[in-house]
Amino acid sequence: MDNRELWTALDMDLEKHDDFLAPIPTVFTSLFLDRPNRPKGMGYFDTVVGDVHGIRVHELYAKKQAGGKVFSTFCVYVPEEIIVATGSASIGLCAGAQYTVPSGEKVLPRNLCPLIKSTMGFKLDRICPYFQVSDWVIGETTCDGKKKAWEILNKYIPTYVMELPQKKETKDVSLWEEEVREFASFIERETKVKLTAENLAQGIETINNKRLALQRLADLRKHTPAPIHGLDVLLINQLSFFDDPVRFAAQVNALCDELDQRVKEGIGAAPADAPRILVTGTPQPLPAWKLHALIEQAGAVVVGEETCTGERYYKDITERADNVGDMLTNIAKRPLKVNCACFTPNQGRFEDIVHMAENLKADAVIDFSLQFCQPYGVESYFVGKEMEKKHIPYLRLESDFSEEDQGQLLTRIEALLEMIRV
């Protein structure tokens, strides 16, 4: 079937879907395709975005037709290794568009994080094929807004919620490991596939390989001149939650081969003297490209992201083990190394930012929070203090997914860059 037949089969609102997608080709061409010095390896990722609601959705639909399951996730804490081990698909959710926020506000407060409102709107409007093809949404308790939103979302699609502890003490580690084991049992029941040492080891290897490829890409950004635009890497990171993990890892590694050569030849995506910016804070899900686009429009280059659509997702891998019990223990250990602002205290995050800034030779840090995101909004105070202590230029920004404040944001970014250049 063609895309429209597929979307009809998934009970999508085609009129709203067409309206939502209409400006994307023009925006994508302007932000990505018209840029000079892009690596040829970006062609694959451009193709994926060009048919982002087609190619992969067809694959997921076929998996379901063959009896498989599709699980949507919203957070890097959900152990996708377990899902993949059963032959099921683990995918991200549409979440980064202003278009669906008004619909989300029909059931959610206006003074709530736009990420949550956008996601809810995508489901209510039936314009996200990933929502429509999913059997379950896997939620978590990383913030109060999401925790309560899952109760509403469950009325529209089955939603399983994992309880994430707010500290990292011994009792909290035990609680999370128990959550992971219960989640594994849930996946076994839903898929009717038993986890074995063989299939779980394969699931771990598959996701580890994806993260290792992203680690390799991230490490290449430390070179001067930067061999790739930050906006392109953001796009890759966003697609890592949707694409087939084996194919995705192969394509990222192929791109890295090209970037290795660019580094040897001194070829940069930006001039060697372009200010190097590290972005921290809240995630920027597809298609939220505003911040990176503005930073690089101003003449800088983004060299890293201390975010969940960045380093937090891939900086650690799951250690191997010989049996299912130990594998589940190791699967539980990896996410607790992620320093989300939901944890308190969260000194590890500040150490991560400083380490990344030094390793990537960043000239400044921009800490970005989505409006009404209380954990990151409050924690930005501590980020600022840490940057001041380390004498790292720092700018705090807050925004949503709309385009209304682009001029204001650009002015503040340009002021930061002017200070760096002095």
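Is His-391 buried or exposed? At 72% relative accessibility, His-391 counts as exposed. The model behind this report is predicted.

## Backbone: two positive phi values

His-391 sits in the loop between α19 and β8 (394-399). Its backbone deserves a note too. Phi of His-391 is positive, near 60 degrees, and the residue is not a glycine. Most residues other than glycine have a negative phi, and most peptide bonds are trans.

Asn-37 is another non-glycine residue with a positive phi, here about 65 degrees. Asn-37 belongs to the loop between α3 and α4 (42-50). With a relative accessible area of 46%, Asn-37 is partly exposed; the exposed class needs over 50%.

## Backbone: cis peptide bonds

The bond from Thr-224 to Pro-225 is cis, and its omega is near 0 degrees. Pro-225 is placed in the loop between α12 (197-220) and α13 (230-239).

The bond from Thr-344 to Pro-345 is also cis, with omega near -5 degrees. Look for Pro-345 in the loop between α17 (324-333) and α18 (347-359).

## The disulfide

How many disulfides does the sulfur distance rule give? The count is one. Cys-94 and Cys-128 form this bond, with their sulfur atoms 2.2 Å apart. The torsion about the S-S bond is about 70 degrees, so the disulfide is right-handed.

Cys-94 lies in the loop between β2 (89-91) and α7, while Cys-128 lies in the loop between α8 and α9 (129-133). The pair therefore ties together parts that are 34 residues apart in sequence. Both ends are shielded: Cys-94 is buried at 7% relative accessibility, and Cys-128 is buried at 0%.

Cys-340 is buried, with a relative accessible area of 7%.

Cys-373 is in no disulfide either. Its nearest cysteine sulfur belongs to Cys-113 and is 5.4 Å away. Cys-373 is buried as well, at a relative accessible area of 15%.

Ser-103 is part of helix α7 (residues 101-104). Its relative accessible area is 9%, so Ser-103 is buried; the limit for that class is under 20%.

Which residues does Ser-103 touch, apart from neighbours within four places in sequence? Its contacts are Gly-121, Leu-124 and Asp-125.

## The largest pocket

Rolling a probe the size of a water molecule over the atoms shows where empty space is left. The largest pocket holds about 830 Å³ of space. Its lining has 43 residues. Nearest its centre are Phe-74, Leu-115, Thr-142, Cys-143 and Lys-146. Elements giving two or more residues to this lining are α8 (114-125), α10 (144-153), α11 (170-191) and α19 (374-389).

Which element gives the most to the lining of the largest pocket? That is α10, with four residues. By class, the lining splits into 27 nonpolar, eleven polar and five charged residues. Domain 1 (3-195) and domain 2 (203-316 + 341-421) each supply at least three lining residues.

## The second largest pocket

The volume of the second largest pocket is about 720 Å³. It is lined by 30 residues, and Val-27, Pro-287, Trp-289, Phe-401 and Glu-403 are the closest to its centre. Two or more lining residues come from each of α2 (14-21), α3 (24-33), α15 (290-297) and β7 (364-370). The element that gives the most is α15, with five residues.

The lining of this pocket has 18 nonpolar, seven polar and five charged residues.

Note on methods:
Residues are numbered from 1 along each chain as its sequence is written. This is a predicted model: local features need pLDDT of at least 70, side-chain atom pairs count only at pLDDT 80 or more; totals for chains, interfaces and linings use all residues. Side-chain values use heavy atoms; hydrogens and water are left out. On a 1 Å grid over the protein atoms alone, a cavity is a set of points where a 1.4 Å probe fits but cannot get out, and a pocket is an open set with protein on both sides within 12 Å along at least five of seven lines; lining residues have an atom within 4 Å of a point. Grid points are joined across faces, edges and corners, and a volume is the space filled by probe spheres set on the points. Ala, Val, Leu, Ile, Met, Phe, Trp, Tyr, Cys and Pro count as nonpolar, Asp, Glu, Lys and Arg as charged, and the others, Gly among them, as polar. Domain bounds come from an automatic or database domain assignment. Buried means under 20% relative accessible area, exposed over 50%, partly exposed in between (1.4 Å probe, protein chains only). Contact means heavy atoms within 4.5 Å. A disulfide is a pair of cysteine sulfur atoms within 2.5 Å.
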